[in-house]
Amino acid sequence: MGSAIIGIGLMAFGAALGLFLLGTAAVGAGWEPTSRRKVSRMLELSGTGPTDIVYDLGSGDGRIVIEAAKSFGARAVGLEADPLRVLYSRAMISLMRLNGRAKVEWGNFFHVDLSEATIVTMFLTQGTNQRLKSKLLAELSPGARVVSYVWTFEGWTPKKRDEEDELSLYVIPDRVEREARGT
Ligand SMILES: C[S@@+](CC[C@H](N)C(=O)[O-])C[C@H]1O[C@@H](n2cnc3c(N)ncnc32)[C@H](O)[C@@H]1O
């Protein structure tokens, strides 16, 4: 029992050290925060409101999750691979007393089911967005909104585009639309 706990502890420490040394670029994107103004703009563009469930893929320091819950009244979930940023964002969520509406999970978002999300936000890379397309189409419901900062989804037509803030809003099509588009 004792040696199992030590083994798990060592594995967790190794994973944290590896991410600290190598960064999370290998799993999707490195860390760079979106400015507070653009976070608000992302949530406005997607029409975030109290009935929404917002998932931020690669939630960094938790700023999108916190803003979605605090200022837009949504339920918000962050998925983040870097354990230190997970701990930091959890501490901020507790300090702001948002535990009932916001949470951050540690892990690789490619391995998490996104089906309850009504809005998905991300600031990743062009390649990672490309790899996410089939997952978003398979798991999100028709009408779910996807907002990407800087990077786009090649082959998808944005419903809205904010050129100044480099934001693109996409809406997941229903089956009929998808068949018509051949996606
Ligand atoms: C450019 S930062 C954006 C952070 C935050 N969403 C924001 O807009 O301020 C990208 C974040 O995604 C995380 N990340 C990259 N690939 C990931 C993956 N496959 N699973 C979970 N987190 C990932 C990185 O650790 C990093 O914190």
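Predicted model: local features only at pLDDT ≥ 70, side-chain atom pairs only at ≥ 80, totals over all residues.
## Overall build

A residue counts as buried if 20 or more other C-beta atoms lie within 10 Å of its own, exposed if 12 or fewer do, and partly exposed in between, with C-beta atoms placed from the backbone. Numbering starts from 1 along each chain as its sequence is written.

The protein has six helices and seven strands. Here helices (H or I, at least four residues) and strands (E, at least two) are DSSP runs, numbered from the N terminus. Going along the sequence, they follow the pattern α-α-β-α-β-α-β-β-α-β-β-β-α. The radius of gyration is 17 Å, close to the 16 Å that the globule rule gives for 183 residues, so the protein is as compact as a globular protein of that length. That radius is taken over C-alpha atoms, and the rule is 2.2 Å times the number of residues to the power 0.38. The C-alpha trace spans about 60 × 35 × 30 Å along its principal axes.

Two residues are in contact if their C-beta atoms, placed from the backbone, lie within 7 Å.

## Around the ligand

There are 24 residues around the ligand, and Thr24, Gly28, Thr34, Gly58 and Gly60 come nearest. Helix 3 (63-72) and strand 2 (75-80) are the elements that give two or more residues to this shell. To be in the shell, a residue needs its C-beta atom, placed from the backbone, within 6 Å of the molecule.

By class, the shell has 11 nonpolar, seven polar and six charged residues. For the record, Ala, Val, Leu, Ile, Met, Phe, Trp, Tyr, Cys and Pro count as nonpolar, Asp, Glu, Lys and Arg as charged, and the others, Gly among them, as polar.

Ala29 sits in the loop between helix 1 (2-22) and helix 2. Is it buried or exposed? Ala29 is buried, because 21 other C-beta atoms lie within 10 Å. Leaving aside neighbours within four places in sequence, Ala29 is in contact with Thr24, Gly58, Leu124, Thr125 and Thr128. Take Gly58: Ala29 and Gly58 are 29 residues apart in sequence and 8.0 Å apart in space, C-alpha to C-alpha.

Ser71 belongs to helix 3. With 13 other C-beta atoms within 10 Å, Ser71 is partly exposed. Ser71 and Leu137 are 66 residues apart in sequence and 28 Å apart in space, C-alpha to C-alpha.

## Helix 2

In helix 2 (residues 36-45), Lys38, Val39, Met42, Leu43 and Leu45 are buried. They cover an arc of only 165° around the axis, which puts them on the same side of helix 2. The arc is that of the directions from the helix axis to the C-beta atoms. An α-helix has 3.6 residues a turn, so residues three or four places apart point the same way.

On the other side of helix 2, Arg36 and Arg37 are exposed. The cover over the buried residues of helix 2 includes helix 3, strand 4 (119-122), strand 5, strand 6 and strand 7 (167-171). Just after the helix, Gly47 takes a positive phi of about 70°.

## Helix 4

Helix 4 (residues 83-95) has 13 residues, which at 1.5 Å a residue should span 18 Å; its end C-alpha atoms are 18 Å apart, so the two agree. The expected span is 1.5 Å times one less than the number of residues.

Arg85, Val86, Ser89 and Ile93 are the buried residues here. They cover an arc of only 105° around the axis, which puts them on the same side of helix 4. These buried residues pack against helix 3, strand 2 and strand 3 (102-106). On the other side of helix 4, Ala91, Ser94 and Leu95 are exposed.

## Two positive phi angles

Arg97 lies in the loop between helix 4 and strand 3. Arg97 has a positive phi of about 55°, although it is not a glycine. Arg97 is exposed, with 9 other C-beta atoms within 10 Å.

Val150 is in the loop between strand 5 (145-149) and strand 6 (160-162). Phi of Val150 is near 70°, a positive value in a residue other than glycine. Val150 is partly exposed, as 17 other C-beta atoms lie within 10 Å.
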